[in-house]
Amino acid sequence: MKTLKNESATYVEQIVSAIESCYEKNAEPTNAQLTELYSLIGKCICQQGEKAFVAHLAKLLADKLPQFGGFSMRNLRRMRGFYQTYENQPELLHKAQALGWTQNAVILDCCNTNEQRSFYIKLAAEKKLSKLALMKAIATEVFEAATQETVAKECDHCHPAVGIATQEEAVGTTDAVKTQCGTFVTVCEPLRQGDAPSMGDGISKASPDNLFRRLLAIPTAIEFTRKISVYLKHPSLQTQLFKPPHMGQSPPLAVMA
């Protein structure tokens, strides 16, 4: 047997004393008493801290307490895992104490989350499932099916099907859409025949006379040049700028000159 580096005699004495005390008080301990005992053994194994301690402990218990079974190396490892799993989950540990050790061992080996453990502990307690029945329930993913059903019900409750809105909820919807989307639709809709492209400031809707007045009112040459370059890019405005003058009128560009 591998020599232990850490102190082990104290933990062995605590474990032996706890086992003898448990079986002296009750010839057939209850599930709660056994899970409490196994949790204490698991705690001592964790506190000793060496992997080799499990083999060492199994050998000593077989020698000192041959009349008591259930302390094989495999079972002692499970006790360590049981303590580690429920160490910070006192409520879940209390629920687990309602089950036999074989059911707890199945849940410990097969479940990865506290939600799963809580579900199968409750299921096994309520349905009084045997070890094989519990293993079948886990294998057929009863927890996952129940979770999906719960989520589906919550979604149906929070997001009712389209088309069941009341008449009051539907009132004014069209007006609201027109109000909110009117500007966007106006800007983005395709140009109709004869429309001039929009250039801002109402330029495309201005008459030629108003257009020239705006140009003459520009205070700087730089701004004047920029505006003219914009106007000349649009054929509809070029037509307005360069169309032949009426009788007695000066050409538009002559006015600007």
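Reader: Which residue forms a salt bridge with Asp109?
Author: Arg78 does, and the closest N and O atoms of the two are 2.9 Å apart; a salt bridge here is a side-chain nitrogen of Lys or Arg within 4 Å of a carboxyl oxygen of Asp or Glu. Please keep in mind that this is a predicted model, in which local features need pLDDT of at least 70 and side-chain atom pairs count only at pLDDT 80 or more, while totals for chains, interfaces and linings use all residues. Residues are numbered from 1 along each chain as its sequence is written, and side-chain values use heavy atoms, with hydrogens and water left out.

Reader: At what angle do H4 and H6 pack?
Author: The angle is about 70 degrees, and the axes are 10 Å apart, which makes H4 roughly perpendicular to H6. Axes are lines fitted to C-alpha atoms, for helices over the stretch in contact, with angles running from 0 to 180 degrees between N-to-C directions, and roughly perpendicular covers 65 to 115 degrees.

Reader: And which residues of H4 meet H6?
Author: On the H4 side they are Asn75, Arg78, Met79, Gly81, Phe82, Thr85 and Tyr86, and they meet H6 residues including Trp101, Ala105 and Leu108, where contact means heavy atoms within 4.5 Å.

Reader: How many salt bridges does the structure hold?
Author: There are two, and one of them joins the side chains of Asp63 and Lys59, with an N to O distance of 2.8 Å. Asp63 and Lys59 are separated by about one helical turn, because they are four residues apart in helix H3 (residues 52-64).

Reader: Is Asp63 buried or exposed, or something in between?
Author: Asp63 is partly exposed, with a relative accessible area of 48%, and Lys59 is partly exposed as well, at 42%. Buried means under 20% relative accessible area, exposed means over 50%, and partly exposed lies in between, using a 1.4 Å probe and protein chains only.

Reader: Switching topic, how many helices and strands does the protein have?
Author: Its secondary structure comes to 15 helices and zero strands, and buried residues make up 30% of the 257 residues in the protein.

Technical notes. Helices (H or I, at least four residues) and strands (E, at least two) are DSSP runs, numbered from the N terminus. Angles under 35 degrees count as roughly parallel, over 145 as roughly antiparallel, 65 to 115 as roughly perpendicular and the rest as oblique.
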